[in-house]
Amino acid sequence: MTSGVKCQAAVLRGVGEEWAIEEITLDPPRDGEVLVKMVVAGVCHSDDHYASGDGIMSPELTAMVEATGGSAPEYFPLLGGHEGAGVVEAVGPGVRSVRPGDHVATSFIPACGSCRWCVSGMTYLCDAGALMFAKEMTTDGTRRRHVGDEDLTAMTQLGTFSEYMVVAEESVIKIDDSIPFEAASLVSCGVTTGWGSATVGVGTQVGDTVVIVGTGGVGINAVQGARAAGANAVVAVDPVEFKRDTAKFFGATDTSPSIEEAFLLVKEITNGVMADRVVLTPSVLHAELLAPAMMLTRKGGTCLMTAVPKLDINMVPLILVDMLQGCKQLKGLLYGGMNPRASMPMLLSMYRSGNLKLDELVTKRYRLDQINNAITDMREGRNIRGIIEFD
């Protein structure tokens, strides 16, 4: 392939703006890169953090970063989307894991397989992941995604809200042709992150009481993961009644509309011991949620932060003596601690055998030009997961 690809894509130009469908140009794949024709893209709350401003560095944080010799990402114009599945259209030199015609799912953290973190089993900390919001490709440091005369930032080096995407080979995972594309798109982020958070991430053991705070596209899969890990009680906390009812279908034993009301419920369930594990998966993690979450956690228990906090300088309210005397652990973790090349095939195998619900996660389907409807439905709590279907 010698010429680039022109296609339609959803582009965000600033905080507070809506997504616009624009024609973009993708340069041909170079060494270690892949061109993918998209079939399905998932719509995740993380996609909205840049329109809302929650994922943008504040001036104070930017100043701190620059004072240490760093620089803030150049977010806009942003090619959105990080969940998806499609068909390999072309490959650049040196690509070994996929070839044209292969079905693939995306990995929002590009795992190189050779850095210190990857070889230590912590692929979610891959050095390539530090470039998730760089305009440059992780492969050779050049820019090859464009809208008009401007270079595009592709969300997490993907940009699945597009008819095509050009990505590093390390950002796609080959899947079996028998797997539905929508199922593959779901395990590319939300399902894997939620499942991993409630299993290996927080260390759930058989008989545990686990509280999941926030039951959207990630939290609902934390519910599935906690039950699969053998939790005796899974308490789903969400202010939206539809999401609480859905959580019961996916395995929650109890529900609560707020973390404050959950406190009394968990106290009753555990005879005052409190929850063994607490997983925080709201759409945005606010600092004031941490203190009550830690109070929900029993002595020697673990509270896991999975949701993305607002990128700002926060004073975090914690009752330190409770953490110390209760020997409690507050933990942060990306991707649920999972390895995309191992976990995605494993979860899809569970799906095929009927041991993981994926089809039931999809609340509504959209066309690319309905992206703003999809975002609104997500914001207002009408979807567990919306997906975009391409022609």
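Where is the place of Pro-77? Select the loop between helix H2 (59–67) and strand S4 (78–79): Pro-77 is there. Helices (H or I, at least four residues) and strands (E, at least two) are DSSP runs, numbered from the N terminus. The peptide bond between Phe-76 and Pro-77 is cis, with omega about -5 degrees.

This is a predicted model, where local features need pLDDT of at least 70, side-chain atom pairs count only at pLDDT 80 or more, and totals for chains, interfaces and linings use all residues. Residues are numbered from 1 along each chain as its sequence is written, and side-chain values use heavy atoms, without hydrogens and water.

Next, select Thr-156, in the loop between strand S9 (153–154) and strand S10 (164–168). Its phi is positive, about 50 degrees, although Thr-156 is not a glycine. Thr-156 is buried, at 4% relative accessibility. Buried means under 20% relative accessible area, exposed over 50%, partly exposed in between (1.4 Å probe, protein chains only).

Now go to helix H11 (residues 340–352). Color Pro-340, Ser-343, Met-344, Leu-347, Leu-348, Met-350 and Tyr-351: these are buried. Look down the axis: the buried residues of H11 fall within an arc of 155 degrees, so they line one face of the helix. That arc is taken from the directions from the helix axis to the C-beta atoms. Show what covers them: strand S6 (103–106), strand S11 (172–175), helix H4 (181–186) and helix H5 (190–201) are among the covering elements.

Finish at the two ends. At the start of H11, a side-chain oxygen of Asn-339 reaches to within 3.0 Å of the backbone nitrogen of Arg-341. Gly-354 follows H11, with a positive phi near 85 degrees.

Note on methods
The expected span of a helix is 1.5 Å times one less than its number of residues. Contact means heavy atoms within 4.5 Å. A polar contact is a pair of N or O atoms within 3.5 Å; within protein, one must be able to donate a hydrogen and the other to accept it, and residues adjacent in sequence count only if both atoms are side-chain atoms.
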